[in-house]
Amino acid sequence: MPQKRRISLRTLLSLFLVLVLIPATILLGVFVLQDRAYYFISLLLIVYTMLPFLLLFEKRKPQARELVVVAVLCAIAVAGRAAFFMIPQVKPVMAVVIITGVALGPQAGFLTGAVSAFVSNFFFGQGPWTPWQMFCFGIAGFLAGLLFRKGRLRAGRVSLSVFGGLATLVIYGGIMNPASLLMGSAKLTWGAVVTSYAAGLPMDLIHAASTVVFLLVLAKPMLEKLTRIQVKYGLLRESS
Amino acid sequence: MANYGFSSYHPAVNFLFFAAVLLFSMFFLHPVLLGISFFSALAYAVRLNGWRTLRFCLTALLPMAVLVAFLNPAFNHDGVTVLVYVNDNPITLESVCYGLAAAVLFSSVILWFSCYNAVMTSDKFLHLFGRVLPSLSLLFSMCLRFVPRFKGQTKVIAQAQRGIGLDPGEGGPLRRAKKGMHILSILTTWALENAVDTADSMKARGYGLKGRTSFSLYRFGRRDRAALLFLLALVVLVGWGALLGEATLQYFPRLSGKEITGRSLVLYGGYALLCLTPLILDAKEAVAWRRSQWKS
């Protein structure tokens, strides 16, 4: 019975988002905002896509054990980022988020990604980039969990590393580069977008390579530990 | 510095101020409003973080702003006043102006965020959202607490490893990296086991039950109400002015804005007052303190 209610709530929420809120935002942007339209529309769309995940988590009234395990994984991601802060773009956040998605499911993966990005910016500084980072890491964790559940992603070292490298390049790089462009330009041109990708590519490559290395080394032991804790205490067996 | 003047007001006041100022700063491309926002943000950042701010401006902010300023005319060829042709591409006056405005906008947003980071500490954030989003706030606060705790535990593990002859600081980079990963692995096991203990303890103390209260240091007093109403009034004033188009300057196809009338001056004044509120409140408190010392 609660399962059914949850799905209907989710459907309602997403219907409202897709049919009402998103078109309204785009119309508002086009007619009212003029020069700042691109930035605001995209920022609001990012926030809208994150809201259902976060609100559903809130609605579900999660158990203490579930909360604490997710908090531990976020903290490991953040502390890891802090440990490697002197080398730019070498961050284990993506690796930890992907491992979480695979081990604990898409929802926990999204949550770990979004919260890690948010919390780590309390140590490294919040800025206009925070919502974008939350979205990028969150959606990477969600995809990892979803693909694993659907049997498209194997939990082996190599397949996870390939997925991690691609996710970093395509999702993180793909979204963060034009996002920084949107902040300061009136309109998007293909030239500007391509240039932003080209300028960001070296950094993205380092980030992707570090994610691959982290996953190669960490994937197996971390997954084992997470499975062990799940079996031992019987927690976080997400059915959806 | 932390609990003084504006920072010592209720978190709701702090949050409203930053939400309003950040939103307006991301919107307004009118040169007068840009100037007001930028200089207020700069002054408040210097007040909060000292002269460190200026070094940050010169080393980090300026290069980024220059990049933003150049990016626009290089890729956006809208606008009617052509200044010069570069590789058959027109560089227009409008695009150059837009680039400069965007650079100032970008800098003021970053400066406001640096003030936000100093004033809206995580405990204030938690106090505000703890009631609206209890689970997410708890997740967030546990995470904040775990980070320093894990760092401390990492040191303990490293010492234990040294004790059994596996000094993580010894050997070549490869060996060291391997030991580092080993420590991370030990940390994970410890943290997960520890987490379950924490969770059981939370449950035993009634986590999620009705009627539990939470500790907080903040009181919403009379001066907070006054400040909140003052800020709200200014936000309404500025928002109203913006809706009337007083804050708009059309950049494309040619620079065109409304004439500056009395109404626009009211908007400018209101916006300046809004942006300067924390500095004014800080100054007020400093004067009061000075005076009380002088009396005794």
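Predicted model: local features only at pLDDT ≥ 70, side-chain atom pairs only at ≥ 80, totals over all residues.
## Chain A at a glance

Residues are numbered from 1 along each chain as its sequence is written, and chains are lettered from A and ligands numbered from 1 in the order in which they are written.

## Inside chain A

Chain A has 240 residues, and 43% of them count as buried (20 or more other C-beta atoms within 10 Å of the residue's own, with C-beta atoms placed from the backbone). Take the contacts in chain A with a separation of 6 or more: 74% of them join residues 24 or more positions apart. Two residues are in contact if their C-beta atoms, placed from the backbone, lie within 7 Å.

## Where A meets B

Chain A brings 41 residues to the contact and chain B brings 46. On the chain A side, α2 (37-59), α3 (64-83), α5 (106-124) and α8 (190-233) each supply at least two residues. The largest share, 13 residues, comes from α3(A).

Sorted by class, that side of chain A has 27 nonpolar, seven polar and seven charged residues. Nonpolar covers Ala, Val, Leu, Ile, Met, Phe, Trp, Tyr, Cys and Pro; charged covers Asp, Glu, Lys and Arg; the others, Gly among them, are polar.

## Chain B's two domains

Chain B splits into domain 1 (5-125 + 220-295) and domain 2 (131-204), with bounds from an automatic or database domain assignment. Taken over C-alpha atoms, the centres of these two domains of chain B are 41 Å apart.

Definitions and conventions:
Helix = DSSP H or I, 4+ residues; strand = E, 2+ residues; numbered from the N terminus. Buried ≥ 20, exposed ≤ 12 C-beta atoms within 10 Å, placed from the backbone.
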